[in-house]
Amino acid sequence: MEKTIDKTGVRIGMWIFLYSEIILFGGLFVLYAVYFHAFPDDFASGGKELNRIFGTANTLVLLFSSFTVAASITAIQRSKKIQSMTLLVISILCGLIFLINKYFEWGAKFEHGLYPNSEHLLEADPGFIIFFGLYYTITGLHGLHVIIGMTLLAISLVLVMRNRVSAERYAMLENSGLYWHLVDLIWIFVFPLFYLVL
Amino acid sequence: MNEHEQEHTLSYRFLGMILLGLVLLTAVTVAVSYRHWGFLNVPIALFVASSKATLVLLFFMHIKYEGMVIKVSFISTVVVLAIMISFTFWDVAFR
């Protein structure tokens with residue numbers, strides 16, 4: 001007897017997990033909003049410390065990688081294995097570029113003495129301290145999600161290579177893609193909140 | 001189960017157009033951030049971000065082509081989030 005796969009069920013399971021992620025980041029955004037309401041001027045001066053060019057570049061990198069992941073699913077649906085693999089490799093590289101950018105960005109902040117519990121930061125206004133506390137918490141948690149997403153995409157890439165993911169059965173790739181899009185989705189809100197609120 | 005609903009293939013061209021839309025919206029939100037319209041900057045930034053999120057959700061994440069279960073449960077999550085945000089502000093504003 002052939003085993004039947006409930007493709008919709010597999011996606012519903014993934015979506016339920018994504019809802020929990022949305023609420024997790026939603027909670028942090030509420031925290032941001034409440035403190036922004038309390039310290040609008042400190043948040044504006046905190047935002048000025050962040051590099052808009054870096055932020056914009058990272059936004060474009062993530063948007064492009066979301067496109068390549070969506071396209072790799074189209075490729076696998078059309079049984080274009082090599083195309084799908086190429087697109088996945090590009091997506092993983094985009095994730096890597098994002099993290100490298102983030103490394104330099106955090107590094108620059110550290111050099112300016114802006115890191116949790118630094119002497120420079122402890123002397124600043126409370127709102128300014130909270131802004132950077134939230135900045136490191138939210139971008140750090142998001143960065144962790146980028147790493148997890150890259151791992152999932154890498155696993156999918158191997159499965160595509162071994163023909164375990166194919167036009168008949170690509171739930172693993174599809175769900176990894178959903179996770180990657182969620183990472184992009186969160187960044188879409190992180191970017192204006194931290195880099196553009198001046 | 002409806003087979004058409006499950007296997008919806010989007011063309012590269014279509015996905016590329018969505019990407020173009022997302023990049024244009026990013027350009028808009030960055031351009032707006034260089035202007036100082038005071039109070040209006042935040043709502044504009046959030047409106048553009050929500051538009052981008054909608055594009056990603058509908059097309060990259062295929063919500064437009066999903067069945068009722070995923071559509072309704074997703075909207076419920078957004079409603080829960082809205083309740084969380086509005087009740088928090090209800091508290092903060094009248095404290």
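Just after helix α6 of chain A, N163(A) takes a positive phi of about 60°. The model that holds this residue is predicted. The predictor gives the complex an ipTM of 0.91 and a pTM of 0.93. Chain A has 7 helices and 0 strands, and chain B has 4 helices and 0 strands. Between the two chains, 36 residues of chain A are in contact with 35 residues of chain B.

**Chain A: overall form**

- The elements of chain A follow the pattern α-α-α-α-α-α-α when read along the sequence.
- The C-alpha trace of chain A spans about 70 × 30 × 25 Å along its principal axes.
- Chain A has 198 residues, and 39% of them are buried.
- Among contacts in chain A with a separation of 6 or more, 77% are between residues 24 or more positions apart.
- Helix α6 of chain A covers residues 126-161, which makes 36 residues.
- From its first C-alpha to its last, α6(A) reaches 52 Å, close to the 52 Å expected at 1.5 Å a residue.

**Chain A: positive phi values**

- N163(A), with its phi of about 60°, comes just after α6(A).
- S79(A) is a residue other than glycine, and its phi is also positive, near 60°.
- The place of S79(A) is the loop between α3 and α4 of chain A.
- S79(A) counts as exposed because it has 11 other C-beta atoms within 10 Å, and a residue with 12 or fewer is classed that way.
- N117(A) is not a glycine either, yet it has a positive phi of about 70°.
- The loop that holds N117(A) runs between α4 and α5 (119-122) of chain A.
- With 8 other C-beta atoms within 10 Å, N117(A) is exposed.

- Y35(A) lies in helix α1 of chain A.
- Apart from neighbours within four places in sequence, Y35(A) is in contact with G127(A), I130(A) and L134(A).
- Y35(A) and C94(A) are 59 residues apart along the chain, and their C-alpha atoms are separated by 32 Å.
- W106(A) belongs to helix α4 of chain A, which covers residues 81-111.
- W106(A) is partly exposed, as there are 17 other C-beta atoms within 10 Å.
- From W106(A) to F64(A) the C-alpha to C-alpha distance is 23 Å, and the two residues are 42 residues apart in sequence.

**Chain B: overall form**

- The elements of chain B run α-α-α-α from the N terminus on.
- Along its principal axes, the C-alpha trace of chain B spans about 55 × 35 × 10 Å.
- The radius of gyration of chain B is 18 Å, whereas a compact globule of 95 residues would have one near 12 Å.
- Of the residues in chain B, 17% count as buried.
- The domain assignment divides chain B into domain 1 (1-61) and domain 2 (67-95).
- The C-alpha centres of domain 1 and domain 2 of chain B lie 21 Å apart.

**Chain B: confidence**

- The average pLDDT of chain B is 89, and 93% of the residues score at least 70.
- Helix α2 (residues 12-33) of chain B has the highest mean pLDDT among the elements of that chain, 95.
- Helix α1 (residues 3-6) of chain B has the lowest mean pLDDT among those elements, 47.
- The pLDDT is below 50 over residues 1-5 of chain B.
- Beyond near neighbours in sequence, that stretch of chain B has 4 contacts in the model.

**Where the chains meet**

- The contact between the chains involves 36 residues of chain A and 35 residues of chain B.
- On the side of chain A that touches chain B, α1 (7-38), α3 (52-77) and α7 (171-196) of chain A each supply at least two residues.
- The largest share of that side, 13 residues, comes from α1(A).
- By type, the residues of this side of chain A divide into 22 nonpolar, 9 polar and 5 charged.

Notes: Residues are numbered from 1 along each chain as its sequence is written. Chains are lettered from A and ligands numbered from 1 in the order in which they are written. This is a predicted model: local features need pLDDT of at least 70, side-chain atom pairs count only at pLDDT 80 or more; totals for chains, interfaces and linings use all residues. Two residues are in contact if their C-beta atoms, placed from the backbone, lie within 7 Å. Ala, Val, Leu, Ile, Met, Phe, Trp, Tyr, Cys and Pro count as nonpolar, Asp, Glu, Lys and Arg as charged, and the others, Gly among them, as polar. pLDDT is the predictor's confidence in each residue, from 0 to 100. The radius of gyration is taken over C-alpha atoms; the globule rule is 2.2 Å times the number of residues to the power 0.38. A residue is buried if 20 or more other C-beta atoms lie within 10 Å of its own, exposed if 12 or fewer, and partly exposed in between; C-beta atoms are placed from the backbone. Domain bounds come from an automatic or database domain assignment. The expected span of a helix is 1.5 Å times one less than its number of residues.
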